[in-house]
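Dear colleague,

Please find the structure below.

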Amino acid sequence: MDKRDTTALKITKDGKRYNTKDKRRERIEEVFTYARDTMTSPCAFHFITHIHDTELFRATKSKGFIKEFERALKRQYKLLAKKEPKEGKAKAKRLQKCPNTLIVYSIEYKLTSQKEINGDDNAYKYGYEKTDEKLPFLHIHVHVIADCNNTIAPNFTFHAMNAMNELDGLKATRYAKTKPRKTKNENGEYEYEKPKKYKKLKTDYDDAVLRAFYLAKTEQKSPEIPYRKAFDTSKVKKLVA
């Protein structure tokens, strides 16, 4: 790989540096900027999903992974609409609608523990698990930007994970919480924010984009990945300045 096309970048404040591809960062920034400037309430979510069957996912990918996910997401919200009460006092409850989405994804490969492959809740509780038994983990990092003006943002993760797991070849989808951010309270004391499920692009644009730049890294792009195209984004129009 031509080093002139890459830039070393620290994704998080206390994180390690990754070599990132310049063109991929540009495409990520285009998608996030378009979402911020055109959506009413854009929220960025980070999901990780296991490709457990390479051939089944090849069929999903050939149909268009992004389109297939969006179709599955609509099905999830249709199921939700059927469950929501339509009479009595509960009728006043705001109905949840499937949000418009924009997507960035990267297919990656590494050796890791069974806990991480399964998406166990405590897989990262004490940092990455140290084990001699390293297993192959073919997976996808997916950043989904959802316009949450007509849906409850914290609940979106549940529907998105179900939609992802519905696709052939994928399972054990989980979301990655944001890293706790150090802030100063009213007394002038420093404290850490609680990890969040998503970033609001209207207020946390820079942090959200930097987080998504992880998908532009050159690490974990192994020959073990059996697909020619391992990175893609939703197509967006060029915004006129």
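Helices α1 and α5 are roughly antiparallel to each other, a term used for angles over 145 degrees. Their axes come within 10 Å and cross at roughly 165°; axes are lines fitted to C-alpha atoms over the stretch in contact, and angles run from 0 to 180 degrees between N-to-C directions. Helix α1 covers residues 22-38 and helix α5 residues 201-212, helices being DSSP runs (H or I, at least four residues) and strands also DSSP runs (E, at least two), numbered from the N terminus. The contact (heavy atoms within 4.5 Å) is made by I28, E29, F32, T33, A35 and R36 of α1 and L201, K202, Y205, A208, V209 and A212 of α5. By class, this α1 with α5 contact has 8 nonpolar, 1 polar and 3 charged residues. Asp, Glu, Lys and Arg count as charged, Ala, Val, Leu, Ile, Met, Phe, Trp, Tyr, Cys and Pro as nonpolar, and the others, Gly among them, as polar.

The model is predicted: local features need pLDDT of at least 70 and side-chain atom pairs pLDDT 80 or more, while totals for chains, interfaces and linings use all residues. Residues are numbered from 1 along each chain as its sequence is written, and side-chain values use heavy atoms, without hydrogens and water.

Now the second largest pocket. Its lining has 3 nonpolar, 3 polar and 7 charged residues. Helix α2 (54-83) and strand β10 (231-233) each give two or more residues to that lining, and α2 gives the most, with 6 residues.

Regards

Definitions and conventions: Parallel < 35°, antiparallel > 145°, perpendicular 65-115°, else oblique.
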